[in-house]
Amino acid sequence: MTRTSAAPATGRWAALAVLSASLLMVVMDMTILNVALPEISSDLQPSAVQLLWMVDVYSLVVAGLLVTVSSLGDRWGRKRMLIAGFTVFGVASVAVLWADSPATVIAVRALLGIGGAMIMPSTLSMIRNLFTDPRERATALGIWAAMAAVGSALGPIIGGLLLEAFNWQAAFLVNVPVMVVAIVAGLLLLPESRDPNPGRWDALGTVLSMGGMVALVYAIKHLATEGLDAQSITATLIAAIALTWFVRRCLRRPDPILEVRLFRSGSFSAGTLAALSTSIAMGGVLLLMVQWMQLIKGYSPVQTGLAMLPMAVGAAVVSPLAAALGARIGARTVLAGGLVVSALGFLLLWIMPLSYPSVAAGTVLIGAGMGSLAIASAVIMAGAPAAKAGSAAAIEETSYEVGGALGVAVLGSVAAALYRAELPTGAVHAVRESLGGALSVARETGSAALATQAKAAFTDSLAMTGLYGGALMLVAAVIVWYLTPARLDLGAAQH
């Protein structure tokens, strides 16, 4: 059993409000950056590699720390870990005031990653232990996941409004008052919980998990940007050796730092795969979509945010209904069906000529699919006993973070290759490196033909990336359908 201080019914739901609101802010901050990138690029002039690091370093840090931080939270206290995460996140957001170079922005994003690694799994594992009634727990996890879906959709809207009125630093500073409120509310409303028998601390396992995850994400990033070279091969080998050793060590120990045996549960594996595949597709396609709106359609940041409103609407409408739908038609149908609906949204970007109406239709479906995936966390937790809530939370959050890095690195590099393939081989490096670089050269040389060709190449690359994202989601839907028990009842799951 996991020790949790008593919490009355009203206290449980008040605590859920704090946990969900903090998650909403963290997820919004991740997607706000996409809208802010063009302005950051204009102000700080980062290289293409630095720009990728601004996007990816958050996921890199979170992926490396999630397992360790979740295990520490089980021992130290999840409330303490969460409050500490709020503090780190707020301090990092203030530090952006001194960020006057690409390197300092990358450092701020890394510090935000440390705070995010402390916040996200703590919220999930605390919900798992706050709500011991299975039906209440399914509802609470659905609300939690809905906040993640709505937050990712609202991020570009809030970011656009902030950038319209202020500079790009406002996209970070907005976190500060929210984190102050979260700290006060958390101290007053959240009960402490921890595992009273966590076992011995596995120092070697900690090193293996951190080193292996960092090497894995780095290998993906480097392979995507530089191709197969000595560094990518070395990082891949380090990741393979470290993570294999880590998994074998966890399987042998009676008190592993991460309970990898959870993957023996079909429902747990299905929920994790749904989170991973959604994150991959979203991370790659939405970053390109924001650039298409701003650099090709000429939208301002606030117009870009408002143009993403259909996705937020789709998520907001479907998310609250996910738990009820799961009870009526089955969790398996809702989970796999959500992946199919999102896949159709991505495929619309490829099927229809790219214009705002087709993008709006696609984002509505993507948002609706994300909303139905609010049930994914409940499916994951249905396959994990309460004592292993920290491990389950770490695995779920790792799937989201690694998926985001994979989406940006893999789908982003595929899009870049498709973009370059439609440009003349003799074009200068800046033209072939990015659409922003091509448009800058076109302005300097007065070449309208170059601008037109670059825009067409980027639009085609976005459409094809939509095809790949949709195909990934459809494959995941089939596997999730196969793995999820047909009679899985989230309301009756007891652990």
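These exercises work through confidence, a helix, the nonpolar cores and the salt bridges of one predicted model.

Residues are numbered from 1 along each chain as its sequence is written. In this predicted model local features need pLDDT of at least 70, side-chain atom pairs count only at pLDDT 80 or more, and totals for chains, interfaces and linings use all residues, while side-chain values use heavy atoms, with hydrogens and water left out.

**Exercise 1. State the mean pLDDT and find where pLDDT stays under 50**.

Step 1. pLDDT is the predictor's confidence in each residue, from 0 to 100. The protein's mean is 79. Of its residues, 82% reach 70 or more.

Step 2. Residues 1–7 stay under 50. The model has 21 contacts (heavy atoms within 4.5 Å) for them beyond four places in sequence.

**Exercise 2. Describe the largest nonpolar core**.

Step 1. A nonpolar core is a set of buried Ala, Val, Leu, Ile, Met, Phe, Trp, Tyr and Cys residues joined through side-chain atoms within 4.5 Å. The largest has 56 residues, and Trp168 and Phe172 have the most contacts inside it.

Step 2. Elements giving two or more residues include α2 (48–76) and α5 (134–165). α1 gives the most, 15 residues.

Step 3. Beyond its neighbours within four places, tryptophan 168 is in contact with residues including Glu39, Ile40 and Leu163.

**Exercise 3. Which residues do the salt bridges join into one network**?

Step 1. A salt bridge is a side-chain nitrogen of Lys or Arg within 4 Å of a carboxyl oxygen of Asp or Glu. The count is two.

Step 2. Aspartate 202 meets arginine 249 at 2.9 Å, N to O. Both are buried.

Step 3. Aspartate 202 also pairs with arginine 253, at 3.6 Å between the closest N and O atoms. Aspartate 202 lies in the loop between β2 and α8 and arginine 253 in the loop between α9 and α10, so the pair ties together parts 51 residues apart in sequence.

Step 4. Shared partners join Asp202, Arg249 and Arg253 into one network.

Methods: Buried means under 20% relative accessible area, exposed over 50%, partly exposed in between (1.4 Å probe, protein chains only). Helices (H or I, at least four residues) and strands (E, at least two) are DSSP runs, numbered from the N terminus.
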